[in-house]
Amino acid sequence: MSLPITAKVPFGGDYNPEQWPESVWEADDRLFELAAIDTVTLGVFDWALTQPAPDRYDFSLLDRIVDRANRRGRMICLATGTGAHPAWLARAHPEVTRVDFEGRRHRFGQRHNSCPSSPVFRRLSTELAHRVAGRYAGNPAVVAWHVGNEFGGACYCDLCAAGFRLWLRERYGTLAALNVAWYTTFWSHTFSDWDEIEPPSALTEHWRGPDHTAFQGITLDYRRFTSEAMLTNFCDEKAAIREASDLPVTTNFMGMYRPIDYHRWAEHLDFASWDNYPPEGSSPAWMGLNHDLMRGLKGGQPFWLMEQTPSMTACRDVNPLKPPGVMRLWSWQAVAHGADAVLFFQLRASRGASEKYHGAVVGHAGRADTRVFREVAELGAELHRLGDATLGARTPARVALLFDWDSWWALEMSDGPSRLVRYQQVVLAYYQALWDAGVDVDVVAVTADLAGYDVVVAPALHLVDGDLADRLAQVARRGGSVLTTFLSGRVDVDGNAFLADVPGPLAPLTGVRVDEWDARAAEVANPVCLGTGADRVEVAARLVFELVVPVSAEVVGSYRADWYAGTPAVTRNSYGTGHGWYVGTALDQAGVCWVVRQVLAPHGLLGPYPDVPGLETAVRVAPDGTRLLFLLNHGTDAVEVTATVAGVDLLTDVRVAVGDPLRLEPAGVAVIRG
Ligand code: GLA
Ligand code: ZN
């Protein structure tokens, strides 16, 4: 089971006509036609509508909405509607709402508010999914099922505590094994009964917040449990859908979202989808990284861009507007990275409540002559002309970047050496360097098959488990290059240090040993000298300074200041016919770029325009073998480059020969089919 079958890139998004009078629906439909909108996501928060009372289901309004979309020839991504529970449910069963990290039992309110362990939530959400699927499975307009909405957060209630204990019994079998894993001899924590175990919260192991725990093992396991408890909710609903329908099932992810280990979820989804809301000031590489992470979830299978705002968000303190061309540029960027659908939140704006000022394709006035509507309609027309050219196309990446929720969790919940090291920032710095170099990257789980890659980049691989170190070594043994960084190879699956030299199981591959490390305030930089002779450059390093002792590695860069001036900071080890690189400090972006290009160079992996700032390139290969080269100008100036491939620009129908000048205006896009 994989992606929904469509003839073109589905274009549209969340549509909630149950929120406004039916008299408006006709106007909505006319506007959708004008914008070539062919897909609607329906019913995401409809639980109170479809089950107005414990013993009453009422699908009459949803029937009309679904029928109407079908009659107008639209595809429907139909939600089960369980992202927010109804008020009567919370009143009848107070245990259905969550208990927060501080131990406060929440009452009815908000959304994404159900305790994942609540039997009544599990039963009723499954029942609703069963009824929704049973009712609409035969409708030809339905192409996909959307379970819940943006699963996330956590609950610390007694039901979750009980669920946690059961989960632990399964994981460890005996309390003796659990005591070893959690290192409970420390601070008199030895457990002698499963019922003594408490969820790690502000009332138990934590101080200052969710990242400050006395026992990393306990908190790591609670994060794993929480992620799995919510996965169980997803699976409950999916199984209920399966009783009536074979259509693909997804739920909308959030990219680099810390609480949920999407890699552990991925096999349970038929296709991945996600909501792209880059934080203010994010680079295009931030979005590229997230897209590639989502594409990596299903072994490189395309994903759906389930949501993005056409113009602005509403939930932030300050909500900037996407300037002209940016919505189009970012939509094409998603397609370039493997999106086989381009969908918005939302098609028409809510009149009230917290999202009334959230951007929408159609605003409150229902006009077609707005800038945002015009831009959406233009993109709709482009995607219509594109047809099926990109559907099912794969990214031919030879570089893998490892992304690991366990490492993210373990690193950021550790006391020492520095709270300033943030996993996403370290990963992004390396992704940014790859992005600048113009290479296609698969962002994959530590369990992924690494056999097809020439280069594997593993930043801040703090937690190393299973055969991972062997598989990384294997990449180098056969001639590939592996790069890892400071704070890698530090702990095992339980968050306990290895009784070995740092970087633990990565030591043979990297050929180094680290006995000491210094951590300093953000403003303290130590210059690092990289390379030799004419290639020599000086860059800045910050946050953590590991004093790298080469065992078999050669020195590539050294600190220039402080009492450890002259000590190696960056090394390269010959291993098999390849190399293991080690970067012992947080180099500035120029430094990371320098190292990454050294790693890529012997493999001939630079993209066509590695030195044109802001110009992104990405390749997809269609199922018939046709190559598509995407060029996206994220810069504020026009760029002119020379074509390196011959083909037709699918957006302009202009033929391009090798050597022809290619001009991209700011926010300009070209898709060259070779
Ligand atoms: C999320 C949700 C939507 C909506 C948007 C607003 O992605 O899934 O329901 O709240 O954010 O940006
Ligand atoms: Zn709970």
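Analyst: Helix H11, residues 326-336, is largely enclosed by the rest of the structure, because 10 of its 11 residues are buried. The model is a predicted one, and the cut-off behind this count is a relative accessible area under 20%. The buried residues of H11 are Val 326, Met 327, Leu 329, Trp 330, Ser 331, Trp 332, Gln 333, Ala 334, Val 335 and Ala 336. After the helix comes Gly 338, which has a positive phi near 120 degrees.

In general, nonpolar side chains tend to be buried together in soluble globular proteins.

Leu 401 shows the packing in detail. Leaving out residues up to four places away in sequence, Leu 401 touches Leu 289, Val 427, Tyr 430, Tyr 431, Leu 434, Val 441, Asp 442, Val 443, Val 444, Val 457 and Pro 459.

Next, the ligand. Around ligand 1 are Phe 45, Arg 111, Asn 149, Glu 150, Asn 252, Asp 275, Tyr 277, Glu 307, Phe 345, Glu 355 and His 358. A polar side-chain atom of Glu 355 is 2.3 Å from an oxygen atom of ligand 1. For Glu 150, the distance from a side-chain N or O atom to an oxygen atom of the ligand is 2.6 Å; for His 358, the corresponding distance is 2.7 Å. Ligand 1 on its own has 300 Å² of accessible area, and the protein covers 95% of that area.

The domain assignment divides the chain into domain 1 (11-156 + 226-386), domain 2 (158-220), domain 3 (399-603) and domain 4 (615-673). Between domain 1 and domain 4, the C-alpha centres are 32 Å apart. The two are in contact through 17 residues of domain 1 and 13 residues of domain 4.

Finally, one loop position. Thr 652 is in the loop between strand E24 (647-649) and strand E25 (655-656). Its relative accessibility is 48%, so Thr 652 counts as partly exposed. From Thr 652 to Trp 409, the separation is 243 residues in sequence and 46 Å in space, C-alpha to C-alpha.

Notes. Residues numbered from 1 in each chain as written. Chains lettered and ligands numbered in written order. Predicted model: local features only at pLDDT ≥ 70, side-chain atom pairs only at ≥ 80, totals over all residues. Heavy atoms only, no water. Contact = heavy atoms within 4.5 Å. Near = heavy atom within 4 Å. Polar contact = N/O pair within 3.5 Å; in protein donor to acceptor, adjacent residues only side chain to side chain. Areas by Shrake-Rupley, 256 points an atom, 1.4 Å probe, with all protein chains shown as cover. Domains from an automatic or database assignment. Helix = DSSP H or I, 4+ residues; strand = E, 2+ residues; numbered from the N terminus. Buried < 20%, exposed > 50% of the residue type's maximum accessible area, 1.4 Å probe, protein only.
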